[in-house]
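Here is a friendly walk through one protein model, written for someone who likes to keep the structure open while reading. Have the viewer ready and follow along.

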Amino acid sequence: LGIIMTTVLTPTSELEAINTILSVIGESPISSLSEVSSVADAVTAQSILSEVSRQVQTKGWHFNTEKDFELTPDTYAKEILIPSNALRVDSMGDDREMDVVQRGNKLYDRKKHTFQFDKSIKCDLVVLLPFDQLPQAARHYITIKAARIFQSRTVGSEALYQFTAVDEKDALLDLKRNEGITGDYNI
């Protein structure tokens, strides 16, 4: 009898994403995230991966939007601090008529020209999630887009650019398809 080996597949890890990015220019993979700081191209790859993740998540997707999130003013200054991972804030429900925006780490009332609030505000928040909390479709798209940008900034090969641009387009279509399914949108 032969031994049957099974491999458990999991969503793309940050390490796998960095190694995919490195492979686009023929760079050797790293074996752990602790090695990143000792390989210049790995540092650049990780930095671009983070940059692209923020850029993609800023658009606001079903997976990183908190609906009807209550933001409460502190009791002393009556200011509303916004979570540090907030990328976008929009008032909702009964508070929709308020014209609030994020300024630094606080909520600002544009109509009253103040940071002070007398009550809690219901908002939709777009939040920045760590790579390992993203759905696979988002991880894949972010990785492929970061690989294209990395290649463009480090090597600048037109042939490699065309290859990764096609992959990026396919990955974005997969992400949008996933968004449509999980978001339960209707027309």
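## About the model

This is a predicted model, in which local features need pLDDT of at least 70 and side-chain atom pairs count only at pLDDT 80 or more, while totals for chains, interfaces and linings use all residues. Residues are numbered from 1 along each chain as its sequence is written, and side-chain values use heavy atoms, with hydrogens and water left out.

## Where H1 meets H3

Let's start with two helices. Helices (H or I, at least four residues) and strands (E, at least two) are DSSP runs, numbered from the N terminus. The axes of helix H1 (residues 14-23) and helix H3 (residues 136-154) come within 8 Å and cross at roughly 35 degrees; such axes are lines fitted to C-alpha atoms over the stretch in contact, with angles running from 0 to 180 degrees between N-to-C directions. The crossing of H1 and H3 is right-handed, meaning that the near helix is turned clockwise from the far one by less than a right angle.

From H1, Ala17, Thr20, Ile21 and Leu22 meet Thr143, Ala146, Ala147 and Phe150 of H3, where contact means heavy atoms within 4.5 Å. Six of the residues in this contact are nonpolar, two are polar and none is charged. In this count, Ala, Val, Leu, Ile, Met, Phe, Trp, Tyr, Cys and Pro are nonpolar, Asp, Glu, Lys and Arg are charged, and the others, Gly among them, are polar. The buried residues of H1 are Ala17, Ile18, Asn19, Ile21 and Leu22, and they pack against H2 and H3. Buried means under 20% relative accessible area, exposed over 50%, and partly exposed in between (1.4 Å probe, protein chains only).

## The nonpolar core

The largest nonpolar core has 40 residues, and Leu49 and Leu107 have the most contacts inside it. Such a core is a set of buried Ala, Val, Leu, Ile, Met, Phe, Trp, Tyr and Cys residues joined through side-chain atoms within 4.5 Å. H3 gives the largest share, nine residues. Away from its sequence neighbours up to four places off, leucine 107 touches residues including Leu71, Ile82, Val101 and Phe115.

## Glutamine 57, a buried polar residue

Glutamine 57 sits in helix H2 (residues 40-58) and is buried, with a relative accessible area of 0%.

## The loop between S1 and S2

Proline 73 is in the loop between strand S1 (65-71) and strand S2 (86-91), and it counts as buried at 15% relative accessibility. Among the residues that proline 73 touches are Glu79 and Phe117.

Glutamate 79 lies in the loop between S1 and S2 too. Its side chain is joined to that of lysine 106 by a polar contact of 3.4 Å (a pair of N or O atoms within 3.5 Å; within protein, one must be able to donate a hydrogen and the other to accept it, and residues adjacent in sequence count only if both atoms are side-chain atoms).
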